[in-house]
Every structure is written in structure tokens, then in C-alpha cells.
Amino acid sequence: MSLAASHGTGRHAIVIGGGIAGLATARVLTEHFDRITVLERDKPPGGAEHRAGVPQARHVHILLAGGEQALEGLFPGLREELTAAGAPWGDYAGTSLINFPIFRLPHSTSGVEVSFASRPFREYTMRCRLERGGRVEFRNGVQVKGLVGEGHGVSGVKLRDSRGEDVLRADFVVAACGREGRVDEWIAELGYPTPREETVDAALSYATRWYRGPRSLSRYNLVVDLPTPPDLPRGGGYMSCEDGKWFVTLMGIAGERAPLDEEGFYAWIRNLRFPEVWDLVQKAEPASPIYGSAKGENRHRHFEELKRFPDRFVALGDAVASFNPMYGQGMSMAVLGAMELGACLSEQRERIGGPSLVGLSRRFQRRLERVVRSVWGMSISEDFRWSATRGERPGGISRVVGKYMDKLMNTVPEDELVFQRFVRVQHLLDPVSSLLAPDVAGRVIERAMRPVRTSVREVVGELVGGAG
């Protein structure tokens, strides 16, 4: 017997969007509803193929360990499936070579393990699992035109497909429709206010080409030379993934455009600080054209601030907050948002003791904001290292924390405890606050004092300076 049947929490749920956020959400909803319908605007993929609606999926994507652990809980054995298809996995720091803006990641054992798979293949594997479960139906080639309002909430969606326009009813609707989703317009059509939208744009562009070659081409699963402010706006690297494929991605920021012509592509690679990238493309076989993308801004819709929000409807994933993809946070945040929804639904069932979802929507959007807030701060703080970045700059406290983080990152290469803690925070396993803990802060301040023989008061004064 399903949990939905045994607890009476609802019969049918709709998920708008069939990407990572939508698939993770659909799996979470199988614990609470008898039947789930996933609506996807793209045509059904024949395998691990790119979808037209997700052009950025052609570029390197990494699932951080926090997201991977959550996905493994939802889909037990998923990593084994990916590995069986040739997707490598291993210790993040031990199998990666990464230049961060301030330091080079120590090539050491971090205790944080990740798998390396393309986004289309990961999505395909998740979708196959859901289809085999028999409770999730996928409807492709569907365009959602709006929501159906009923009372103080939502009772379905308006859609259009090859057969024309229709209405699909449901007890619960989740918008996991990506950064281009029109969620604010949909709720406005029902008479609800639209959310404040925050955008921070560092003018990122990508250029990617796939290659084929054996794993022996490199001892690293991931090599990334990130752009370094203020005057090195070019970066790039590669990632190994399933089926003998390698993704080579170049990135330009602060208006520097990653090249889409072959001559410019190779010239850019030769100037990277890691010669391993050039070595790889010399040995591997090109397996695709060069793909480009320039959709890399951070965008945050503050649904949690709305005093009126429809019941039986929530939004998550990129439909709420999308991040500069250069930092690899997007997929993991989508999964963690789906997990937060599952926790809210469980608490609602315990609190109400029946099928009512009244009050859940606003409570979930507020709780999702707590998940998003610290990661959003990390992402935009990095983007504002570039003077050309457009958007609302962080306040005084954020700038103090930013100065502290600069000093912390200078400490990472030479202090094992700080290194371990940084990697766990980067991979969303520990909260950002753990980097402010006394055992870490003491080492950061001690290191900051050493080269210049300053006092603790002077170090603190430098951190606070410019916060006004």
C-alpha cells in the first residue's frame, strides 16, 4: 500500500518540468500521492539525449556531494548504475585539479566522493527508475499555459499539446520548470501578487565540445582553471563522464566571450594555466560541434516574501533560484529543494492528520528560502569580485564575511582542517556557518597574522574596514 493511500494525503500531483528538479520532486511525491504526472515541454528523449529546452545541459555539469547523497537516498543504487555505464567516481580533491580564484585545491584526500556523469545521462537514469515504478506518468510535448484556481488555491493546470488545449486536475501542483518558467505570471493571473526578483549577472559565457577517448587519457576526472579576478576573465577545463566521453568547456566572464570557432577554441585552451587540457584535446577525438551558451546570471524570485500565496501549489529549483553555473550548485540545490518539500509534506501529514494541504505552500516557500539563502550569498559574492557584474551588491555584513572568506581561502592549501571544512561546505554537506567556527576562524586569523606580524586587532580591523 502506498503512503498516500495509507495516510490519505492526496491522490494526484502534477510536476511541471522533467529536469533534475522535476525528477527528484516526482520521486519525493511518490511517498505522498498515489499518482504523479510530469509535464515536459520537450519531446520524449530516445535515450540519454539533450533536450532542446535545456541548451546548457551540453556543458560540464557536476553534482556536488550533498546533492548526490540526497539523490542516492531517493534512488538507491543510482551511483552503481552510473558507474556500470562508465561514469567515473572518486574522491573530489583526489581526482580533481582545480584553480580557484585565490588558491589551487590541494591534490589530497578530502573524504568527499562524487560521481562524474553528464546531465542528460543522469536525468535519463532517474527517469527510467521512475517509469519502472509505475506511479509516475510522463507527458511530453506539453506547454503549460497557466494554473487553474479554486478557492484559495490551485486545482490543476491549463495546458496545450498536439491535441489542443486542455485542463488537467490535481490535488497538488509543483512548478519545477526552470529559470524561464512563468510562475510569477501564472499566480498573477489568479489574483496573487508577483514576487520581488533579484538578478546578479557577471556576464558569463560558455563554449563546449565533447570528445571521445579512453579513461587512460588522464589521471584526473575533473580539471578546471577558473577565471581569476580582476584581470583574468578566461577559464576552462574538462570532465570525464560515461561511455568514454569527455566534456571540454571554456568559460569567459565579465563580458569575455568564450569562442565558438575551432581556431579560437584551441587558442584559448593553449593559454589555460593547466596544460592537461591541451594534452587531452590533442589525444582525444572530437565528437561534437562547439556549443555555446550565455545564460549564466543568478536569479532569485522571492516567493517567501509574499503575504498571499496559493494553497496546493509550490515552486522550487531554478523556478525560484538559479545560480551562476560556473560554481556547480544548480543541480544539487534542485535536489535539496525537493527533499525539503518531502519534509514539509511529512510534517503536514503529522500536523493535520488528514489530506488537507492548507498552509503548506507558504511554509514550504519560507523553508526553501533558508536552504537557498547561504548558497545564493556564496554565488553572488564570487560574482561581485568582477567590477563589471550588474545587480544589487551585498550589504556591509556580507562584505565583512567576504573579506574573511578571502583570508580563509588563502589558508586552505596549507591547513588540513580548514581544507576539509571548506570542501564539505563547497559540496553542501555542512552549513557555511561551520567556516566561522572557532577552530577554523582561529587558524585563519593566525595565518593572516604571520606574514605581516600584525596584531589581532589590526586583522579584525582589516576585515571590518569597508563594511560601511
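Visitor: Is the crossing of helix 2 and helix 9 left-handed or right-handed?
Guide: A crossing is left-handed if the near helix is turned anticlockwise from the far one by less than a right angle, and right-handed if clockwise. Helices (H or I, at least four residues) and strands (E, at least two) are DSSP runs, numbered from the N terminus. The crossing of helix 2 and helix 9 is right-handed.

Visitor: What kind of model is this?
Guide: Residues are numbered from 1 along each chain as its sequence is written, and side-chain values use heavy atoms, with hydrogens and water left out. Local features need pLDDT of at least 70, side-chain atom pairs count only at pLDDT 80 or more, and totals for chains, interfaces and linings use all residues, since the model is predicted.

Visitor: Where are helix 2 and helix 9 in contact, and how many charged residues take part?
Guide: Contact means heavy atoms within 4.5 Å. Ile20, Ala21, Ala24, Thr25, Val28 and Leu29 of helix 2 meet Met331, Ala334, Val335, Ala338, Met339, Leu341, Gly342 and Leu345 of helix 9. These residues divide into 12 nonpolar, two polar and no charged. Here Ala, Val, Leu, Ile, Met, Phe, Trp, Tyr, Cys and Pro count as nonpolar, the others, Gly among them, as polar, and Asp, Glu, Lys and Arg as charged, with a charged total of none.

Visitor: How do helix 2 and helix 9 lie to each other?
Guide: Axes are lines fitted to C-alpha atoms, for helices over the stretch in contact, and angles run from 0 to 180 degrees between N-to-C directions. The axes of helix 2 (residues 20-29) and helix 9 come within 8 Å and cross at roughly 25 degrees. Angles over 145 degrees count as roughly antiparallel, 65 to 115 as roughly perpendicular, those under 35 as roughly parallel and the rest as oblique. Helix 2 and helix 9 are therefore roughly parallel.

Visitor: Why is helix 3 called oblique to helix 9, and at what angle do the two pack?
Guide: The axes of helix 3 (residues 65-74) and helix 9 (residues 330-352) are 8 Å apart. Helix 3 is oblique to helix 9 because the two pack at an angle of about 45 degrees.

Visitor: Which residues of helix 9 does helix 3 meet?
Guide: Helix 3 passes helix 9 in a left-handed crossing. The contact residues divide into six nonpolar, three polar and no charged. From helix 3, Gly66, Gly67, Ala70, Leu71 and Leu74 meet Ser332, Val335, Leu336 and Met339.

Visitor: How many charged residues are in the contact of helix 9 with helix 10?
Guide: The axes of helix 9 and helix 10 come within 10 Å and cross at roughly 145 degrees, and the crossing is right-handed. Residues on the helix 9 side include Glu340, Glu347 and Arg351, and those on the helix 10 side include Arg363 and Arg367. Beside 12 nonpolar and two polar residues, the number of charged residues is five.

Visitor: Which residue of strand 18 is the bridge partner of threonine 199?
Guide: Two strands pair if DSSP finds at least two bridges between them. Strand 11 and strand 18 (residues 298-301) pair in the antiparallel sense over four bridges. In strand 18, the partner of threonine 199 is arginine 299.

Visitor: Where is the cis peptide bond between proline 229 and proline 230?
Guide: Omega of this bond is about 5 degrees. Proline 230 is found in the loop between strand 13 (222-225) and strand 14 (234-240).
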